[in-house]
Amino acid sequence: MQHQLPRLRDIETLFRPFVTRKLELPTRLVMAPMTRSFAPGGIPTPEMAAYYWRRAVHELGLIITEGVIINDPAASADSHCPHFFGGAALRAWKHICRAVHTTPCRIAPQLWHVGMARPVLGDIPFPQYGPIGPSGIDPVTLQRRGETMSRSRIASVIEAYATAAADARRLGFDAVEIHGAHGYLIDQFLWEATNHRSDEYGGDLVGRTRFAREVVQAVRKAVGSRFPIIFRISQWKVGHYDAKLAQDPRELAELLAPLCEAGVDLFHCSTRRFDRPEFAGSSLSFAGWVKKLTGRPTIAVGSVGLNREFSAEDLRTPAGAAPATLTRLTEMLSAGEFDLIAIGRALLADPAWATKVHRAAESAIIPFTKTSLSRLY
């Protein structure tokens, strides 16, 4: 199935610069963070530098890297996920950053701790350490199976986020993204199903934001006032696609306000379909609501460039549901509902996806298939 491209004059919306006081990007297109697990022992390879450069050179505004593991022994779920600590890993990331900067594209690492999503067995670094979380509850099964974090452990993990962010700035990155979505550690604190704490890190919705707020505060202190902080947030979780942190706009405002006060500059609003309305009675998307409630710029994401067959199969959309179109994307972006759009799997299949869209070269776009996940190209 071929992609349906908007008119040439409309597609230019995607290629306008994005400029704020802290961040300037040449286009509105963002490479979404996608775990690839091609870093043996956590050390990025030269092939990874080439992988990111191949996409940067094709008119992207910003690359958000795959999730990078902060310096906590229970942070990773896979020995091949790249670390963001230690001399060898940081030198490799500096090389990747420099490669991307040979183009106009900017780059930000996504700082990641998987929390209770860490397996007990398998190919994991530091296997003597078990999973940790706010209440030791598995985010998929919702059963207790791991360590409830003490206040001292919470403090050490927060410091690990801050150290990673400071390293990102020192290495020359243009921003950092804090992964607060999809049922991983920060999201486990935010979600009442995985946070049963009765201390200051639990309780009501605002109480459950405390850990995220303190992470952002520590990162802000580490990077200074002018370095951009992006926060990735989602309602859905891996294994719980209908979950919601906020049931309505009022609750969403309560959730977002502490994060804004702590220093978030831009929200990356993860959904499975960027164009779906978030709450009943309104056509606004999740990214649209977050922008409206906070006044912060937002990145939308979800199914851009995927065809009907793959969307229905992989994203569990209703049978026969049409994919989100690029025409709809340009309409929403032009209307100011959000500011940037992140592209995921379409960019895995075709590094030149953005350039081909810009040139209206519809027939030349390489479609995503599941085999696209099996190689680093």
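Q: Where is glutamate 59?
A: Glutamate 59 sits in the loop between α2 and β4. Helices here are DSSP runs of H or I with at least four residues, strands are runs of E with at least two, and both are numbered from the N terminus.

Q: What kind of model and numbering is this?
A: This is a predicted model, in which local features need pLDDT of at least 70 and side-chain atom pairs count only at pLDDT 80 or more, while totals for chains, interfaces and linings use all residues. Residues are numbered from 1 along each chain as its sequence is written, and side-chain values use heavy atoms, with hydrogens and water left out.

Q: Back to glutamate 59. What is its phi?
A: Phi of glutamate 59 is near 70 degrees, a positive value in a residue other than glycine. Most residues other than glycine have a negative phi.

Q: How accessible is glutamate 59?
A: Glutamate 59 has a relative accessible area of 25%, so it is partly exposed. Buried means under 20% relative accessible area, exposed means over 50%, and partly exposed is in between, with a 1.4 Å probe and protein chains only.

Q: And serine 37, where is that and what is its phi?
A: Serine 37 is in the loop between β3 and α2. Its phi is near 60 degrees, again positive in a residue other than glycine. At 22% relative accessibility, serine 37 counts as partly exposed.

Q: OK, α2 itself. Which of its residues are buried?
A: Met48, Ala49, Tyr51, Tyr52, Arg55 and Ala56 are the buried residues of α2. They cover an arc of only 160 degrees around the axis, which puts them on the same side of α2. The arc is taken from the directions running from the helix axis to the C-beta atoms.

Q: What covers them?
A: The cover includes β3 (29–31), β4 (62–69), α3 and α12 (345–349). Contact means heavy atoms within 4.5 Å.

Q: How do α2 and α3 pack?
A: The axes of α2 (residues 46–56) and α3 (residues 87–100) come within 9 Å and cross at roughly 20 degrees. That makes α2 roughly parallel to α3. Angles under 35 degrees count as roughly parallel, over 145 as roughly antiparallel, 65 to 115 as roughly perpendicular and the rest as oblique. Axes are lines fitted to C-alpha atoms, for helices over the stretch in contact, with angles from 0 to 180 degrees between N-to-C directions.

Q: Which residues meet there?
A: From α2, Met48, Ala49, Tyr52, Trp53 and Ala56 meet Trp93, His95, Ile96, Ala99 and Val100 from α3. By class, this contact has nine nonpolar, one polar and no charged residues. Ala, Val, Leu, Ile, Met, Phe, Trp, Tyr, Cys and Pro count as nonpolar, Asp, Glu, Lys and Arg as charged, and the others, Gly among them, as polar.

Q: What about α3 against α4?
A: The axes of α3 and α4 (residues 151–171) come within 10 Å and cross at roughly 45 degrees. α3 and α4 are therefore oblique to each other. Leu90, Trp93, Lys94 and Cys97 in α3 meet Asp167, Arg170 and Leu171 in α4. The residues of this contact divide into four nonpolar, no polar and three charged.
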